[in-house]
Amino acid sequence: MINKLYDFKDVVIPDALLKASVSHEEIDGELYLAAQRFTTIAPAFDGICNGDIVVLKIPDEQHPDGVQQVFVNMGRGFFDSEEALLGLCAGVQTQVFCEGKTVPATILAVKRKHIPKLTDESVCQLKIEGVATIADYENYVFENKVAQQRQRRMKGIFEIASKAVLAHTEFAPIGDDNEWYRTLYNGTMIQLETMAQQTGKSVDEIMPEALRMSGKTADECRRALKEMCEEHVKLGALGLYYAKQDGVEYTLEESIARMQAYMPQLGQTEISEVEENMLISDIIQRYKEYFQKVISDYYGDKIQVVLQ
Amino acid sequence: MDKHVTFSPQGVCAREISFDIVDNHIFNVKFTGGCAGNTQGVAILIDGMEARAAVKRIKGINCHNGTSCPDQLAAAIEQCLSDMGA
């Protein structure tokens, strides 16, 4: 399918995508989140503050005891008189606005959360392989952040690199005589026909919405679908090219054999045409992902992540 | 007994659920992962509810795999109540 390949290594990737940083604040934030796991909750005897959970006793004629307990999660804004409670202590009597009227209330208890400082001992309780100290955990968080940054940037890099390669590579004409293209285009059209039958509408009517191309005419949708299939086939072909070089091959026979192994469990005896089409689509997708992997492998180490 | 709970849900998009249980009432539910809007909605609606009443409402809700984020929250609360011998 490829007449003349444009090497993705010649694509100029913007510096912004090749540089990333992880801040100390981000790592401290993760450490604080880890410490939150060891939060304890205990009665507080000083003034109520936001974040406390306050237990109030207020009169309630409908309750058999004539009173009810109301729980206030301070600072959430769910209780009308939160501000009036700030600074008061357990045991104090006050007035609160509750269910449309002002009523007397007794503060039965104030419960406060305490987040302890992370220690080597608590880090061990996180049960992360190879992490036994705070320093280990900081390193673990940093490595995770680096991996995230790399993954995010790789998406952008692949976008830029694949666009350039698609634009500059010379492909053989892709049309109905190409099995991959035919499978993708016809497969989508069969799905659209099924949907149309189920909804009692024509393919042309459902096409814009089904293909997420609202506002386009049926002809415009068809053209766009053809372009999408063509691009998908080209990306698959690029993956196939690099996979071959690495001695990797995805065959329909192998996919069919894998599916046949599961068929008795599904009570199936043969693979339908639709299913075979799906297997071909899957192979194209796997080759496309192979192309992505080749680019990731090349640029992965070129992305510099620094701790700031 | 009052407790802060961290739970690893199974079969849902959320990776972690945490909450406080104070006098058998649920507070400060936090989902890590999952549909942000839905899980925040569940967390706010449940804040301050009696634990068993909350379980009664959200247990059995299905999203996929026969479970959901709220269903997993119910499982976490039930496990916590059982651990606390409530």
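The crossing of H6 and H10 in chain A is left-handed, where left-handed means that the near helix is turned anticlockwise from the far one by less than a right angle, and right-handed that it is turned clockwise. This is a predicted model, in which local features need pLDDT of at least 70, side-chain atom pairs count only at pLDDT 80 or more, and totals for chains, interfaces and linings use all residues. Residues are numbered from 1 along each chain as its sequence is written, while chains are lettered from A and ligands numbered from 1 in the order in which they are written.

Back to that helix pair. H6(A) covers residues 179-199 and H10(A) covers residues 273-300, and they pack at about 125 degrees with axes 9 Å apart. The axes are lines fitted to C-alpha atoms, for helices over the stretch in contact, and the angles run from 0 to 180 degrees between N-to-C directions. Helices here are DSSP runs of H or I with at least four residues, strands are runs of E with at least two, and both are numbered from the N terminus. The angle makes H6(A) oblique to H10(A); under 35 degrees counts as roughly parallel, over 145 as roughly antiparallel, 65 to 115 as roughly perpendicular, and the rest as oblique.

Which residues of H6(A) and H10(A) meet? From H6(A) there are A:Trp180, A:Thr183, A:Leu184, A:Gly187 and A:Ile190, and facing them in H10(A) are A:Val274, A:Asn277, A:Ile280, A:Ser281 and A:Ile284. Contact means that the C-beta atoms, placed from the backbone, lie within 7 Å. By class, this contact has six nonpolar, four polar and no charged residues. For the classes, Ala, Val, Leu, Ile, Met, Phe, Trp, Tyr, Cys and Pro are nonpolar, Asp, Glu, Lys and Arg are charged, and the others, Gly among them, are polar.

Next pair, also in chain A. H2(A), residues 24-36, packs on H5(A), residues 134-168, at about 120 degrees, with the axes 10 Å apart. That makes H2(A) oblique to H5(A). Here the crossing is right-handed. H2(A) contributes A:Glu26, A:Ile27, A:Glu30 and A:Ala34, and H5(A) contributes A:Tyr137, A:Glu138, A:Val141, A:Phe142 and A:Lys145. The contact of H2(A) with H5(A) has five nonpolar, no polar and four charged residues.

Some totals for chain A. The chain has 10 helices and nine strands. Of its 308 residues, 17% count as buried, which is defined as 20 or more other C-beta atoms within 10 Å of the residue's own, with 12 or fewer being exposed and values in between partly exposed, the C-beta atoms again placed from the backbone. Among contacts in chain A with a separation of 6 or more, 67% are between residues 24 or more positions apart.

One residue to look at in chain A is A:Glu83, in helix H3, residues 82-85. Is A:Glu83 buried or exposed? It has 11 C-beta neighbours inside 10 Å and therefore counts as exposed. A:Glu83 and A:Cys49 are 34 residues apart in sequence, and their C-alpha atoms are 9.4 Å apart.

Now chain B. There are three helices and three strands, running β-β-β-α-α-α from the N terminus. Buried residues make up 40% of its 86 residues. Of the contacts in chain B between residues at least 6 apart in sequence, 40% join residues at least 24 apart.

Helix H3(B) holds residues 69-83. Its 15 residues, at 1.5 Å a residue, should span 21 Å, and the end C-alpha atoms are 21 Å apart, which agrees; the expected span is 1.5 Å times one less than the number of residues. The buried residues of H3(B) are B:Cys69, B:Pro70, B:Asp71, B:Gln72, B:Leu73, B:Ala74, B:Ala76 and B:Ile77. Their cover includes strands E1, E2 and E3 and helices H1 and H2 of chain B. After H3(B) comes B:Gly85, with a positive phi near 70 degrees.

Last, the contact between the chains. It takes 12 residues from chain A and 12 residues from chain B. On the chain A side, the elements giving two or more residues are strands E3 (40-43), E4 (53-59), E5 (67-73) and E7 (101-114). That side has five nonpolar, three polar and four charged residues.

How values were computed
Two residues are in contact if their C-beta atoms, placed from the backbone, lie within 7 Å.
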